[in-house]
Each structure stands twice: as C-alpha cells, then as structure tokens.
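User: I have a model open and want to talk through its contacts. Can you walk me through it?

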Amino acid sequence: MKIADYFLKRKTDQLIRKGRLQEAVMVPIPEVKDIGILFLEEEGQHQALNQFVEGLMKDHKRVRALTFFENYHSNPYQFKFDFFTKKEISLFGDIQNEKVSQFIDFRFDYLFCVSRQVFLPFEYILMQSHAKFRVGFHEEGKEYLFDLMVEPPQDASLQTLLAQLYEYTQKISLSLHEH
C-alpha cells in the first residue's frame with residue numbers, strides 16, 4: 001500500500017466511524033433536478049454511460065459527472081465531466097482538485113456511483129458527499145456507502161446495470177411518495 005493510500009484509507013475510516021453527514025432523503029424522480037455521477041472507466045462501455053447520461057438529460061435532469069484517470073488521456077464521452085488524476089492525491093491522502101471539492105459539496109438529489117467495485121478515492125468522496133441519496137452497486141462490506149444498492153450480475157452489461165439502477169430508484173422513490 002502506498003503512503004497516500006494509507007492516509008486516504010485512514011481518513012475514509014474516520015468518516016465511516018462518524019457516519020453520514022446527513023440523513024438520506026429520497027426525492028421522487030419526477031421532482032429530481034440534479035444528479036451526480038461518479039464513474040470509473042470500463043473498457044468498451046463508453047456508449048452505455050453516454051446513453052445513460054443522455055437519457056437523464058432528456059428527462060430534464062442536470063447532470064454533473066466525475067471520474068478518476070490514472071493519467072490524463074483522450075475523452076471518449078459525449079457529455080461534460082470533471083476528473084482527477086493520481087497526481088492530485090497528495091502523500092497524505094488529500095485530493096487536491098477544486099472540481100472534486102465542488103462535487104463533494106454539491107447537494108445532488110441523487111448520486112449514482114457507476115463502478116462495479118468502489119475504490120478508495122470514491123469511498124472518500126461518497127462519505128464526504130452532501131448528496132441527498134446515494135445509489136450504487138452492491139459490494140460486500142460496503143453497505144455504509146449507499147442508501148440503495150443493486151446486486152450486479154457478473155455477466156450483465158453496463159447498459160443493463162445502469163437501466164436497473166435507474167429503474168429501481170424510480171420505482172422505490174415513487175412508491176415511497178404515493179402514500
């Protein structure tokens with residue numbers, strides 16, 4: 001484990017012990033205005049993410065996306081996103097990127113984590129996030145990161161998983177607010 005990873009893990013563990021910054025609030029999907037997407041690049045899955053974001057925007061949702069790159073490279077996405085790189089994680093585990101700070105502070109109605117396995121910088125961002133409701137894929141032992149988790153079948157395409165995330169979120173949010 002690198003020194004930066006060690007310190008970032010310690011900071012994340014402290015946040016986990018403290019718990020969430022605020023209580024989860026599930027907003028009915030028709031009333032949702034702002035959605036955050038935290039994503040990791042998956043080989044050959046760019047089109048699925050492009051379609052997901054395009055669908056959200058067609059539903060009149062404002063989308064802010066954030067990703068991590070080992071190193072900067074070309075952009076395969078058809079939507080605007082911010083990113084941070086390994087170079088922006090200090091020796092003491094601080095993510096030194098203004099866009100990451102803004103993403104953490106933004107009060108999204110929903111924050112979708114589109115990564116089959118959450119990795120340490122995303123754990124930190126999720127624990128610090130001011131999002132009202134966090135949605136992601138189930139990972140054993142990481143239940144504290146999300147308010148809603150979907151079990152990802154190993155062989156499912158990212159397009160199928162994204163459709164499930166949104167469908168379940170929509171159904172649950174609407175059923176909670178019908179009563």
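**Sheet, rings and charges**

Analyst: Let's start at a loop. K33 is found in the loop between α1 (3–18) and β1 (34–39). Helices (H or I, at least four residues) and strands (E, at least two) are DSSP runs, numbered from the N terminus. This is a predicted model, where local features need pLDDT of at least 70 and side-chain atom pairs count only at pLDDT 80 or more, while totals for chains, interfaces and linings use all residues. Residues are numbered from 1 along each chain as its sequence is written, and side-chain values use heavy atoms, with hydrogens and water left out.

User: What does K33 touch, leaving out residues up to four places away in sequence?

Analyst: K33 touches K61, R62 and D109. Contact means heavy atoms within 4.5 Å.

User: And how far is K33 from E70 in space?

Analyst: The C-alpha atoms of K33 and E70 are 31 Å apart. In sequence, K33 and E70 are separated by 37 residues.

User: Now the sheet. What is the strand order?

Analyst: The order is β3-β2-β1-β4-β5-β6, in an open sheet of six strands with parallel pairing. Two strands pair if DSSP finds at least two bridges between them.

User: Which strands stand at the edges?

Analyst: β3 and β6 (148–150) do. Each has a single partner strand, so one side of each is left without a neighbour in the sheet.

User: What does the twist average from one strand to the next?

Analyst: The twist averages 20°. Axes are lines fitted to C-alpha atoms, for helices over the stretch in contact, and angles run from 0 to 180 degrees between N-to-C directions.

User: How many bridges join β4 to β5?

Analyst: Three, and β4 and β5 run parallel. L111 stands opposite R134 in β5.

User: Which strands does α4 lie across?

Analyst: α4 lies across β1, β2, β3, β4 and β5. It runs at about 160° to β1. Another helix, α5, packs on the sheet and touches β4, β5 and β6. The direction of α5 makes about 155° with that of β4.

User: Why is α4 described as largely enclosed?

Analyst: Nine of the nine residues of α4 are buried, so the rest of the structure largely encloses it. Buried means under 20% relative accessible area, exposed over 50%, partly exposed in between (1.4 Å probe, protein chains only). The buried residues of α4 include F122, E123, Y124 and Q128.

User: Switching to rings. How many aromatic pairs are there in the whole structure?

Analyst: The search finds 20. Rings of Phe, Tyr and Trp (its six-membered ring) pair if their centres lie within 6.5 Å; planes under 30 degrees apart count as stacked, over 60 as edge-to-face and the rest as tilted. Take F69 and F83. Their ring centres are 5.4 Å apart and their planes at 45°, so that pair is tilted. F69 is in strand β2 (residues 62–69) and F83 in strand β3 (residues 82–85), 14 residues apart.

User: F69, buried or exposed? And what about F83?

Analyst: F69 is buried, at 2% relative accessible area. F83 is partly exposed, at 26%.

User: How are the rings of Y110 and F133 set?

Analyst: Their centres are 5.6 Å apart and the planes sit at 70°, so the pair is edge-to-face. Y110 lies in strand β4 (residues 110–114) and F133 in the loop between α4 (120–128) and β5 (134–137), so the pair ties together parts 23 residues apart in sequence. Both Y110 and F133 are buried.

User: Which residues form the aromatic cluster?

Analyst: F39, F69, Y77, F79, F81 and F83 form one cluster.

User: Last topic. How many salt bridges?

Analyst: The count comes to 10. A salt bridge is a side-chain nitrogen of Lys or Arg within 4 Å of a carboxyl oxygen of Asp or Glu. D94 and K11 make one, at 2.0 Å from N to O. D94 sits in the loop between β3 and α3 (98–105) and K11 in helix α1, 83 residues apart.

User: What's the relative accessible area of D94?

Analyst: It is 30%, so D94 is partly exposed. K11 also counts as partly exposed, at 23%.

User: Which residue does D34 bridge to?

Analyst: D34 forms a salt bridge with R62, with the closest N and O atoms 2.7 Å apart. D34 lies in strand β1 and R62 in strand β2, so the pair ties together parts 28 residues apart in sequence. D34 is buried, at 13%.
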